[in-house]
Amino acid sequence: MDLILWRHAEAEVAEEGSDDLSRQLTPKGERQAARMAVWLDRHLPDSTRVLVSPARRTEQTAQALGRKYKLRDELVPESSPDDVLGLVKWHPETGPQAKGTVLVVGHQPYLGEIVSRLIGMNDAICPVRKGSVWWLRARLREGQLQTVLMTVASPDLISRAWDDRS
């Protein structure tokens, strides 16, 4: 199983008293999502399941990909890594219980906690930049379950206008 974790792109700062789930992408965030979506679309299998937090900023990020997706309450910002891993059917000790590729569009800190847990980092939370993708793959090697970090991609480094950081 491949598990791809895509953190939402840059979003507006929450105004006092506003609903966090309604925050939208900034113009920079829209560009980040579009850049990452082009890269992802070239690499994702057609059969990829796309699961998205119901927050507006994550849905906007996923929409840039132009594929079907499902909004899942298990992916709200307050979710735990266990909630997310349960949703994608990936047990931290025994590995994935399903095959195929799953793309999760979600939030920190749970994305970073999942990365740390699955690849055995000493830190509890791995920093995951806004708009970036972490691609993980489970495999059996000599009877042992391994999670391999296939790649990390950032919208700033995959664009042709690499020096356009506005």
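This is a predicted model: local features need pLDDT of at least 70, side-chain atom pairs count only at pLDDT 80 or more; totals for chains, interfaces and linings use all residues.
How many aromatic pairs does the structure hold?

**View 1. Tryptophan 39 meets tryptophan 135.** This is the 1 aromatic pair in the structure. The ring centres sit 6.4 Å apart with the planes at 85°, and since an angle over 60 counts as edge-to-face, that is what we call this pair. The two partners come from distant parts of the chain, 96 residues apart: tryptophan 39 belongs to helix α1 (residues 27-43) and tryptophan 135 to strand β7 (residues 133-141). Both tryptophan 39 and tryptophan 135 are buried.

**View 2. Inside the largest nonpolar core.** Here we're looking at a set of 22 residues, where Leu3, Leu5, Val88, Trp90, Val104 and Ile114 touch the most other members. Two or more residues each come from β1 (2-7), α3 (81-88), β6 (101-106), α4 (110-119) and β7. The top contributor is α4, with 5 residues. Another core lies apart from this one; it has 16 residues, including Met36, Ala37, Leu65 and Ala153.

**View 3. The surroundings of tryptophan 90.** If you skip neighbours within four places in sequence, tryptophan 90 still contacts Met1, Leu3, Leu85, Gly95, Pro96, Leu118, Arg137, Ala138 and Thr147.

**View 4. Strand β2 and its parallel partners, β6 and β3.** Strand β2 (residues 49-52) runs parallel to β6, joined by 4 bridges, and valine 52 stands opposite valine 105 of β6. With strand β3 (residues 70-71), β2 pairs in the parallel sense through 2 bridges; leucine 51 has lysine 70 in β3 as its bridge partner. To get from β2 to β3, the chain passes through helix α2 (residues 56-63), making a right-handed β-α-β crossover.

Note on methods: Residues are numbered from 1 along each chain as its sequence is written. Side-chain values use heavy atoms; hydrogens and water are left out. Rings of Phe, Tyr and Trp (its six-membered ring) pair if their centres lie within 6.5 Å; planes under 30 degrees apart count as stacked, over 60 as edge-to-face and the rest as tilted. Buried means under 20% relative accessible area, exposed over 50%, partly exposed in between (1.4 Å probe, protein chains only). A nonpolar core is a set of buried Ala, Val, Leu, Ile, Met, Phe, Trp, Tyr and Cys residues joined through side-chain atoms within 4.5 Å. Contact means heavy atoms within 4.5 Å. Two strands pair if DSSP finds at least two bridges between them. A crossover is right-handed if, with the strands pointing away from the viewer, the path from the first strand over the helix to the second runs clockwise.
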